[in-house]
Amino acid sequence: MTFRQKISVKFALVIILAIAAVLISYPKAVSKIPPVYSVLEKLKINLGLDLQGGIHLEYKPDLSKIDSSKIDESMQAVQDVIERRVNAFGVAEPTIYTTKSGSERRLIVELAGVKDINQAKNLIKETPFLEFKAEGPADTSKDIPQEMLDTLNKQAKQKAEDLLKKALAGDDFAQLARDNSEDPGSKDNGGDLGFVKKNTFVPEFDKVLFDGGLKDGEVYGQLVETQFGWHIIKKIEQRGEGDGLEIHSAHILIAKKANPAPKVNYVATGLTGKNLKNATVDFASQGLSEPQVALKFDDEGTKLFAELTKGNIGKSIAIYLDEQIISAPIVQAEITNGEAVITGNFSVEEAKSLVKRLNEGALPVPINLVSQESVDASLGGESLAKSLKAGYIGLGLVVVFMLLYYRFLGLIASFALLVYAGMMVSIFKLSGLTPWQITLTLPGIAGFILSIGMAVDANILIFERTKEEIRRGRTILGSLDEGFKRAWTSIRDGNISSIITSLILIELGTGFVKGFAVTLIVGVLLSMFTAVTISRTLLKFILGEWISDRLWLVGVKKSEIMEANKK
Amino acid sequence: MYNIISKTKYAYAFSIALTILSVLSISIWGLKFGIDFTGGTVMEIKFSQSLPTNQEIVGILNELDLNSLTVQGKGGNSLLVSYASADDSINQEVWKKISGKYPEAIQSKVDYRDSSVSTELKQNSLWALFWAAVGIMAFIAFAFRKVSRPVESWKYGAGAVIALIHDVLITVGAFAILGHFKGIEVGVPFIAALLTILGFSVHDTIVVYDRTRENLLRGSGKEAFPEVVNRSLNETLVRSINTSMTVIITLLAIYIFGGESIKNFSLALLIGVSFGTYSSIFIASGLLVTSYELQLKK
C-alpha cells in the first residue's frame, strides 16, 4: 500500500466511525428508514435518578451480632428479602445491591419513577426482623458480693433479736412494727396480717402460728427465719374450729438481703428470619379464638431449630420481632419438624398482617436508613433539560472559538470534537449492552461538558506547535507531523494527572462524585483518541501543498514565515 | 515576546496577598459545611399555588422542635427546608406536618444523611484529598525524573506542588468567603471540584515545564536560564490561554444554564481553573527562575 492509500483507508474508517457515532447518538437522523431506526432507537442512555426522578436509599445493617464468617450470607439474605418486597410493590426497575464502605456494609435501594416516596420507604421499613434467642448465662455483674451480704444479714438478725427482746419485754408491738418492720404490706397497720386459714403463709411461719401453742396476745419467744427474713410473730386472736380455724396475727419483719433473682439474658442463636420458609395463621384452641402464627423453617432452619430445642429443654427460647420480645415459650422436647408457633396476644388482624409480612421475607439483621436522595420526576426532567442546554451552548461556543482562532484547523478540530461528543453518547448507550453500564447523572453531564472543553486542549497543543513549525519555515505537512509528535508527551502527561484524580474520585465512591469522575475519565481517554487520531487522519487526507498559498486558513501570516527565514 | 519572568515579583505579591486572605478567611470563618458533612436533611418543597412565607413553615414545624431549622426561598414556587435530623422518622413527621397543611405540595428533592454517613463522607473526602495529593506528587516526581540542568528536577516538582497548593487554597478561601456572606455550603461535590482542580492545575503546569525542558535540551547553551524559561512561557502562552478559554467557556455554560444543583460545583471549578492557569503562567515558572537565582548567589 502506498502512503496515500493507507491514508485513504484510515480516512474511510474515520468516516465510518463518525457515521456510526451519529447514528447511535442521534437515531432520529434515520427516522425515514424504519428498520434501522427501530433498532437504534432501542438503545437508550441509562439516566440517573437525579435526571429521571427517583429515590436512592442507603441502609446500614446492624451486623454487630453476626459472626464475621456469616456476614456475606446475611447481606445476601437482606438483599433477597428487600428485593422480594420491592418487587411486590411493582416498581419498574428497582436496583438493589450491597456495597462495602470501608469496613461497613450497605444495602442500596434505587427506585426510579416512584411517585410516592414515603410509601416506598415505609414498605421497606415494615420488613420484619425475626430472630430466635436462647437463654444465655445470667448477668451477675451487678450483684453484691456474698461476704457483704453475710455482714448485712448478720446486722439484720441482730436488729431483729433486739426488737424481739423489746417486744417480749412488753413494748407496744404495733408501734415497734410501724417503726421497724420491713414488710411494706403490713408495717403501717402495726404489722397486722388479719385472719388467715392454715397453709396461707410460708411453712415456717404457718407452723409457729398454728402449731406453736401461742395464746391470744402472746409474742412468740424466738425469731422465725423464712426466705423473707426474720419474723417476730404475735398471735392476736382466733376464730372458728377445725378446718375453719382462722388466726389473726401480726408480725415485724427484718428482711434478708439477697441478690435479685437473675434476669434471663437472651443471646442470638443464628436462627433468624432468613431461615423462614413460610408463616401461616393458626388458632390455639378449636374455633377461631386465640390466633397464633405458625412458622415453617427451611432445611437449614429446621436443623438449627432442632439443635436449639435439643440443647434448651426446660429453658425458654425467645422469639424477637423487630427487636421486641413477643413470646418466650419453654421448650418441652426437641423439635425436628422445623415448625414453631408464635403465641402472643394477637388479634386476628394482627396475626394476619404479621403472617403477610413474614411471608414477604423476614430480615436476618435489623437495617436502618442512613442516607436518602430523592428527586421528583419533574425536577429531574428540568435538570436534564437545563444541563443539556448548557451542554449544547458549551459545545457551540467551543466550536465557534476554535473556528475563529484556528480557522481551517479549527474546523477539523470541531469535526473531531463533534465525533467525540457523538462517540461519548454512543458509549453511554452501548454500555447498557455490557455488564459495565454507565449511568448518566447530572454531575456526569457536568463532567461531560467539562470534558468537551478539555478535549480540544490536545488539538490546541498540536495546532500551536504546528503553527510554530510553519513559522520556522517547515512545509505544512512536515510541520503537522512535528506538531503531533512534539505535542504528544504534553498531551499524555497532562491527561495522566486528570486520570489519577478521576480514579481517586471513583474510589471515593458516592453517587455525585462517581457520576462526574466516570464521565470525566471516559472523556479524557476518548478525547486523546479523537483529538489525536481522528484529526491527524483528516488533516493528512485533506491537506496537501495547495494550502501553502492559503496559509491564512491555518492562521499563519506569510510575513511571519519571511521573518523566520531571515533569521 | 513578552517578558513575563520580569513581572514575577508582582505576581508573587498578588499571589501571597490572595493566599494570606484565603488562609485568614478559612481560619476565621471556615467553610460552611452542608449536610454531606454535618448530617441532616434538606427538603425542597414545591407548592402548587401560593407560596407560604418562611415564618408560616417555621410555625408549622414549631412543635417538632427541630434543631437548626432554616427555611429559604428557592425561586419559583419552591422552598428549601433544612434541619438536623437524628433519624429518618423526623423526616416523615416533618412531611406529615407540611403536607397536612398544604396537601398540594410535593417534595421535589429530599437529601438526608445520617450522622454515621456524614462522618464517613468526611473521612472519605479527606482520604481522597490525601491520596490525590500523593498520587499527583508521585506523578510529578515521575514526570520530572530526568535531571535537567541547571535546575534540579525535584525543583520542578516543588514548583508544580506550590502552584497547586496556591490554586486549591484560593478556591477554598473563596468558598469560605462565599459561605460566610452568601451562605453557600460545601459538600462532596466541592471535594470533587477540588480534586479536578488539582488535576487541571498540574496539567497546565506540566505543559509549560515540558516546553522549558525541551528548550533546555535543544538549547545552544548561549541563552541564560531565565531567558529559556521566558521563551518557553511565551511559546506556550497562547496554548495555555486558549485551553483555559475553552474550559472556562464550558464551565460558564454549566454555571449559567446548567441549573441549580451544579451551580456551586461549576463555580468552584471556574475559580480553581482560572487561578490554575494564572499560576502555571506566572507562579510555577517564576519559581524555577527564583530558585535558579538563589542557586547562583550561593
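Chain A is divided into four parts: domain 1 (3–47 + 376–566), domain 2 (54–127 + 367–374), domain 3 (146–255) and domain 4 (265–359); the bounds come from an automatic or database domain assignment. This is a predicted model, in which local features need pLDDT of at least 70 and side-chain atom pairs count only at pLDDT 80 or more, while totals for chains, interfaces and linings use all residues. Residues are numbered from 1 along each chain as its sequence is written, and chains are lettered from A and ligands numbered from 1 in the order in which they are written. Helices (H or I, at least four residues) and strands (E, at least two) are DSSP runs, numbered from the N terminus.

**Domain layout**

- In chain A, the centres of domain 2 and domain 3, taken over C-alpha atoms, are separated by 64 Å.
- Chain B is divided into domain 1 (5–35 + 117–297) and domain 2 (40–113).
- The C-alpha centres of domain 1 and domain 2 of chain B lie 40 Å apart.

**Where the chains meet**

- Here 58 residues of chain A are in contact with 57 residues of chain B, contact being defined as C-beta atoms, placed from the backbone, that lie within 7 Å.
- On the side of chain A that touches chain B, at least two residues each come from strand E2 (54–61), helix H5 (117–125), strand E16 (367–375), helix H11 (377–430), helix H12 (442–471), helix H13 (476–508) and helix H14 (511–542) of chain A.
- H12(A) gives the most to that side, with 14 residues.
- The residues of this side of chain A divide into 29 nonpolar, 18 polar and 11 charged; Ala, Val, Leu, Ile, Met, Phe, Trp, Tyr, Cys and Pro count as nonpolar, Asp, Glu, Lys and Arg as charged, and the others, Gly among them, as polar.
- A strand pairing also links the chains: E16(A) and strand E4 (residues 106–113) of chain B run antiparallel over 5 bridges, where pairing requires that DSSP finds at least two bridges between two strands.
- Within that pairing, Ser371(A) has Arg113(B) of E4(B) as its bridge partner.

- The axes of H13(A) and helix H5 (residues 115–143) of chain B come within 9 Å and cross at roughly 155 degrees; axes are lines fitted to C-alpha atoms, for helices over the stretch in contact, and angles run from 0 to 180 degrees between N-to-C directions.
- That angle makes H13(A) roughly antiparallel to H5(B), a label for angles over 145 degrees, with under 35 counted as roughly parallel, 65 to 115 as roughly perpendicular and the rest as oblique.
- H13(A) passes H5(B) in a right-handed crossing, meaning that the near helix is turned clockwise from the far one by less than a right angle, whereas anticlockwise is left-handed.
- Residues making this contact include Ile496(A), Ile500(A) and Ile504(A) of H13(A), and Ala128(B), Trp131(B) and Phe139(B) of H5(B).
- The contact of H13(A) with H5(B) divides into 11 nonpolar, 5 polar and 1 charged.

**Helix packing within chain B**

- H5(B) also packs with helix H6 (residues 153–182) of chain B, at an angle of about 150 degrees and with the axes 9 Å apart.
- H5(B) and H6(B) are therefore roughly antiparallel to each other, and their crossing is right-handed.
- Ile136(B), Met137(B), Ile140(B) and Ala141(B) of H5(B) meet Gly157(B), Ala160(B), Val161(B) and Leu164(B) of H6(B).
- The residues of this contact of H5(B) with H6(B) are 7 nonpolar, 1 polar and no charged.

**Three-stranded sheet in chain A**

- An open sheet of 3 strands has the order E11-E12-E15 (chain A), with antiparallel pairing.
- Strand E11 (276–283) and strand E15 (339–342) of chain A stand at the edges with a single partner strand each, so one side of each is left without a neighbour in the sheet.
- The twist averages 25 degrees from one strand to the next.
- Strand E12 (residues 291–297) of chain A pairs with E15(A) in the antiparallel sense over 4 bridges, and Val293(A) has Ile342(A) of E15(A) as its bridge partner.
- Helix H10 (residues 348–359) of chain A packs on the sheet and touches E11 and E12 of chain A, its direction making about 170 degrees with that of E11(A).

**Four-stranded sheet in chain A**

- Another open sheet, of 4 strands, has the order E6-E9-E8-E7 (chain A), with antiparallel pairing.
- Its edge strands are strand E6 (192–197) and strand E7 (224–225) of chain A, each pairing on one side only.
- E6(A) and strand E9 (residues 246–255) of chain A run antiparallel and are joined by 5 bridges, and Lys197(A) has Glu246(A) of E9(A) as its bridge partner.
- Helix H6 (residues 146–168) of chain A lies across strand E8 (229–239) and E9 of chain A, running at about 30 degrees to E8(A).
- Helix H8 (residues 203–211) of chain A packs on the sheet too, touching E7, E8 and E9 of chain A, at about 35 degrees to the direction of E8(A).

How values were computed:
Two residues are in contact if their C-beta atoms, placed from the backbone, lie within 7 Å.
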